[in-house]
Structure formats: C-alpha cells, structure tokens
Amino acid sequence: QHYFIQSNLSKVYISMEAEMPWDSTYQYQCKKRMFDKHRAELGDGRATALANVWANYHFLGCSYPQPALEAIKSWGPPPRDRIYDEKMKELKEREAVNLEKSSSGSGNSKKKARLQIHM
C-alpha cells in the first residue's frame, strides 16, 4: 500500500485551474497558492499531487506515508483567516469532548498528535 501511494504520487493530475466541488473557496485558494509556489520546482503533476496532500493533511486531517509528509513539511500551515480559525476552534472543542468521553485515553494518540500540528 505504501508503495502504491508513493509510486502514484507523481502520476496524479487534477487540474488546479478550477475549484473542485469538494473544495471550499478558502481551501482551493490555499491549495492553488501552494501549487503555484512549487510548480516550477516540481512540475505540474507532482506539484498538483503534493498540493492536494498538503490541503488534505491540513484541512481534513488525512494521514500520508512519511515521504509525502516530508515533501510538504517545509510548506507550513495554511494562512489563517476567519474560516480557518472557526474550523480549528470546532476541532479543539470536538477533541475536548472526545477526551472527556475517553477514560483510558488509548487509541487517541495518533489523533491527538495530528491535531496538535494544527493547533
């Protein structure tokens, strides 16, 4: 599975010329900004793939193999705006409720670590 994701990362191409139905305007603008910033260095296909990895990681909390995360590590978090701040507040509140429900705290370590990156 790791090999499949890594080998296909550079072959994925979803046009960055138009906002997709699943993107919010803010998410698309951020993703497009990352694509434009890294396009010359990485080429269209890889820049598109990694811009999607970056957006999915930061906005949806998706996890990826270490090489993909290493490739976007220097890109930093999305710029903050009202929508981003509201989403992060919602995630923090949801995590607080989940932590209260969980008496043992086990099983949430990956989720907690992932959320700490966003906070």
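## Salt bridges

A salt bridge is a side-chain nitrogen of Lys or Arg within 4 Å of a carboxyl oxygen of Asp or Glu. The structure holds three of them. This is a predicted model, where local features need pLDDT of at least 70, side-chain atom pairs count only at pLDDT 80 or more, and totals for chains, interfaces and linings use all residues. Residues are numbered from 1 along each chain as its sequence is written, and side-chain values use heavy atoms, leaving out hydrogens and water.

## Within helix 2

Helices are DSSP runs (H or I, at least four residues), numbered from the N terminus. Helix 2 covers residues 25-42 and holds both aspartate 36 and lysine 32. They sit four residues apart, about one turn of the helix. Their side chains form a salt bridge, 2.9 Å from N to O.

Buried means under 20% relative accessible area, exposed over 50%, and partly exposed in between (1.4 Å probe, protein chains only). Lysine 32 is buried at 18%. Aspartate 36 is partly exposed at 42%.

## Two further pairs

Arginine 39 bridges to aspartate 44, with the closest N and O atoms 2.5 Å apart. Arginine 39 is partly exposed at 33%. Aspartate 44 is partly exposed at 31%.

Glutamate 70 pairs with lysine 73, at 3.4 Å between the closest N and O atoms. Glutamate 70 is partly exposed at 41%. Lysine 73 is exposed at 60%.

## Helix 3

Helix 3 spans residues 44-60. Of its 17 residues, 13 are buried, so the helix is largely enclosed by the rest of the structure. Glycine 61 follows, with a positive phi near 75 degrees.

Key
Helix = DSSP H or I, 4+ residues; strand = E, 2+ residues; numbered from the N terminus. Expected span 1.5 Å × (residues − 1).
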